[in-house]
Amino acid sequence: MTHNFELDTAINAVIKASRLCRTVQNSLVSIDTVRKNDRSPVTIADLGSQAVINLELLKSFPNDPIISEEDTIALRNHEYLREKVLELVNAQIDHISEAHILEAIDYGTREIDYKSRFWTVDPIDGTKGFLRGEQYAIALALVEDGQVVLGILGCPNFPLNHDRPEYGKGCLFAAVKGNGAFVQGLDQDKKERIHVDSISHPQEARFAEPVEKAHASHTAHAQISSALGITTPSYRIDSQCKYAAVARGDVSIYLRLPKDKSYQEKIWDHASGSIIVNEAGGRVTDTHGKPLDFSKGRKLQSNEGVVATNGKLHRKVLNAISNSRNSEKGTK
Ligand code: AMP
Ligand code: MG
């Protein structure tokens, strides 16, 4: 299973989308006029990024279905947003008309057979981080028979070296099933293989979790990490950059226990990140130890929460979660 053409196409698409998002985030920081509730920069970058990725994919694979997060409703009613998206997309791909852009964005909203081969796109994962000028990711993955076979994460603000911020930022992570996981600088071609860390004593581990407290239970994470003897403060970082951090060995664990039990995780929030961790030698399951099932639709309907680790710690983390659930039941 080489998927070389798919890999080249996907990397090219994510690099272009990452450049587009970077342009918008830089202008956002420099203009400094964005009011707290003005989400138009993220709307523009989100839709521009989705248009670029879908256009690139459809050029190479015109018959492949794509599941992407956004639709064109916001654009159809706002001329200003449409003009901005048109300008941003044309800076990445020449001579694209407005009609072509709208069509490409909406291509990702069609219903499909999730058991067949399809692409899934999160044009900006971590929009809150994007607006804060912090971490976000552009995520693209290919799913075949319910399993992720290729995943890319463009992480424009992610440090090239976790311990040496002076080395700069902007990473692209890529993995193809059975072929390992790699990182390259967003502005360079040189690829490097990445591996999870080899920590086997949970006390030595550090874990990552979402910044947004509505997206996962920080309280449950604190209980579990304390039961595991972890004393290092958690690494709070937006988006699938958390998976990248596990895959590169910056941290050993990523916890995502639901805050709201009825929330079902979206496939595009986990497809790319999960294959990158798996191919870097780690393990990804839900909080019950079940594999993530990408064949059920736009949501991970048969899973609850997510746990990603370096593999060596996986069983211990799942046991700690199960113990904490049992003691919670006992006190009810
Ligand atoms: P993160 O950056 O890890 O906080 O994840 C961002 C993603 O969280 C977004 O792409 C949303 O799809 C997803 N999200 C939104 N609401 C929730 C929620 N209540 N629980 C879990 N994830 C959520
Ligand atoms: Mg997302």
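**The magnesium site and its surroundings**

In this predicted model, the magnesium ion (ligand 2) is coordinated by Asp122 (OD), Asp125 (OD) and Asp269 (OD), at 2.0 to 2.3 Å. Donors are N, O and S atoms within 2.8 Å of the metal (3.2 Å for Na, K and Ca), and because water is not among the atoms, sites may look incomplete. Residues are numbered from 1 along each chain as its sequence is written, and chains are lettered from A and ligands numbered from 1 in the order in which they are written. Local features need pLDDT of at least 70 and side-chain atom pairs pLDDT 80 or more, while totals for chains, interfaces and linings use all residues; side-chain values use heavy atoms, leaving out hydrogens and water.

**Metal site**
- The donor residues of the magnesium ion (ligand 2) follow the sequence spacing D-x2-D-x143-D.
- Asp122 and Asp125 are both buried (buried means under 20% relative accessible area, exposed over 50%, partly exposed in between, with a 1.4 Å probe and protein chains only).

**Largest pocket**
- The largest pocket has a volume of about 590 Å³. A pocket is an open set of points on a 1 Å grid over the protein atoms alone, with protein on both sides within 12 Å along at least five of seven lines; lining residues have an atom within 4 Å of a point. A volume is the space filled by probe spheres set on the points, which are joined across faces, edges and corners.
- There are 33 lining residues, and those closest to the pocket centre are Asp125, Gly126, His215, Arg256 and Asp269.
- Two or more lining residues come from each of H2, strand S2 (118-125), helix H6 (127-131) and strand S10 (253-256). Helices (H or I, at least four residues) and strands (E, at least two) are DSSP runs, numbered from the N terminus.

**Helix H2**
- Of the 21 residues in H2, 18 are buried, and the helix is thus mostly covered.

**Cysteines**
- The whole structure contains zero disulfides, a disulfide being a pair of cysteine sulfur atoms within 2.5 Å.
- Cys171 is in no disulfide either, as the nearest cysteine sulfur, that of Cys155, is 6.5 Å away.
- Cys155 counts as buried because its relative accessibility is 0%, and Cys171 counts as buried at 0% as well.

Note on methods
1 Å grid on protein atoms, 1.4 Å probe; cavity = no way out; pocket = protein on both sides within 12 Å on 5 of 7 lines; lining within 4 Å.
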